[in-house]
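Keep the 3D view open while you read.

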Amino acid sequence: MQRAGAAAASEMGLRFRDRLESGVLILAGPGNNGGDAWVIARALNGVGARVRIIEPVAAATPDARAERALTIEVLGDGAIVSLEQASVGGESVVVDGLLGTGSTGAPRGEIAKAIAACASARRRGATVVAVDVPSGLDASTGETLGEFAGADLTLTFGSIKRGHLVNREACGSIVVLDIGLTGTAAWPIGRDAGTAVMQSRPPGSPAHRLPELVDEAWVAAQLPPIAWDAHKGTRKKLAIIGGARGMAGASVLAARSALRSGVGMVKLVVASESVQPVQEAEPQALCAAWPADDDALHRDVLSWADALVIGPGLGLGPDSEALLHRVLDAWKGPTLIDADAITHLAKRREELFQTLSGRPTLVTPHVFEFARLSGAEPADILANRFEIGADLAKHTGATILLKGVPTVITSPAGDRLVSAAGTPVLATGGSGDVLSGIAGTLFAQIGDPLCAGAAAAWVHGRAAERASVTGDGVVRGLSLDDVVRELRASWHFDTRPARYPVLTELSLSGPRVHPSTRPPGR
């Protein structure tokens, strides 16, 4: 507890040095989360900040009571104020230490009143720093069922919690601080009441090489270097099959993102009506019409490519479906299946393993496409997004990349990676096509669908974050062209050691949404 409080106070001092001068209001709950808050109060007072504390309910755990006693001994009883007194204090930083990871259900009584006061201070412009989780947020599900303030910064300890990833907007920027819980470099996602199941593992073990939460250093480690004497063949050749009549744009987006992800050559295989529009839109890519027979398929596509992406703009007609199955029957190399190809495959759910096994395959559904493939309800998919990919991956023999916030990638063996990168810029038609181009390139170069999918999801999200950074943080008016343009810079990685005790940080781009304007249930 003292490590957690000291680390949190130190991080606040670095980030809000100027704001701390106008005072800090600390909300201390009855449990160990409140105990952390008492430690923070004592630490900030020690560096000269004016600290006041609201204690809506008496400390209830032995550790919290002990930290309270130590803090009162230093600050005196006068540091504790009522909600009414706090409302006129004007502090510019508010620390939310009311409820922690074990809290479930809607806040009640005096705690609910304190959360409402925190929300009011935030609306007035105060910066709210949540300890571990924003009070009122379920650390396992991300739900907020009653009074809720949200946070501009959440300081959590040891690991990311599931609720953080599901409800990023509620948490603001998320910083994971090391307080000595584990010696491993991985940050597993918590399973019990949102807390982490931390296990120390020797370096070189699968869990050490594949941390569940994908970060910049992990992505950088997956990418094969581009040699000084590289040529287009060594950088691999990617065929993108899709582009039905009137849907050429999906293939173009996939090609542009592939070219900006380091592929050697791209060939767009599209309907004959789309050949001219595609060549005019993306002259850097080769182009061929859908093959009329198996000989043309082998000659023009399969004998040329190192990996295939099939689905962007493929269309839902019988010709598209027939082409998909011809390709899957003839090709046993790395295959990424997306968009309309997923919809066609969903018609034969019981045959998926027979159709997809025997080749390294990455399938990239959004929630509704996943529902078609699996037969599960969308609501159940969202509620179980971290686990639900395992059954489908095992049933199909393919790695499943379930797109969303966050994106979860699961292999047939049950290995799982999570990418929390991204912004609402990606919530638009064509975003999946951009991801397919990135992932197809990495799949061709890496060969492992799990690593390729996870690295692609992170870079895709990072490009969106870069595109979203504007002077006022507003994300409106951006398009996928802006995201694709940012890919070039998104491949530049900073792999220097993090500033201790920060293990990782997830920044939230875009405008701040206050609780008063948030839709119900968020």
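First, a term you'll need: a crossing of two helices is left-handed if the near helix is turned anticlockwise from the far one by less than a right angle, and right-handed if clockwise. Keep in mind that you're looking at a predicted model. In this one, the crossing of α11 and α20 is right-handed.

**How the two helices meet**

- Two packed helices are described by the angle between their axes and the distance between the axes.
- Here, the axes of α11 (residues 248-259) and α20 (residues 431-446) cross at roughly 40° and come within 7 Å.
- Angles from 65 to 115 degrees count as roughly perpendicular and those under 35 as roughly parallel, and α11 and α20 are therefore oblique to each other.
- On the α11 side, the contact is made by A250, L253, A254, S257 and A258, while α20 brings in D433, V434, G437, I438 and T441.
- Sort the residues of this α11–α20 contact by type and you get six nonpolar, three polar and one charged.

**The whole protein**

- Zooming out, you'll find 22 helices and 17 strands in the protein.
- Its radius of gyration is 25 Å, close to the 24 Å that the globule rule gives for 522 residues, so the protein is as compact as a globular protein of that length.
- Along the principal axes, the C-alpha atoms fill a box of roughly 85 × 45 × 45 Å.

**Inside the fold**

- Of the 522 residues, 56% count as buried.
- Among contacts with a separation of 6 or more, 72% come from residues 24 or more positions apart.

How values were computed. Residues are numbered from 1 along each chain as its sequence is written. This is a predicted model: local features need pLDDT of at least 70, side-chain atom pairs count only at pLDDT 80 or more; totals for chains, interfaces and linings use all residues. Side-chain values use heavy atoms; hydrogens and water are left out. Axes are lines fitted to C-alpha atoms, for helices over the stretch in contact, and angles run from 0 to 180 degrees between N-to-C directions. Helices (H or I, at least four residues) and strands (E, at least two) are DSSP runs, numbered from the N terminus. Angles under 35 degrees count as roughly parallel, over 145 as roughly antiparallel, 65 to 115 as roughly perpendicular and the rest as oblique. Contact means heavy atoms within 4.5 Å. Ala, Val, Leu, Ile, Met, Phe, Trp, Tyr, Cys and Pro count as nonpolar, Asp, Glu, Lys and Arg as charged, and the others, Gly among them, as polar. The radius of gyration is taken over C-alpha atoms; the globule rule is 2.2 Å times the number of residues to the power 0.38. Buried means under 20% relative accessible area, exposed over 50%, partly exposed in between (1.4 Å probe, protein chains only).
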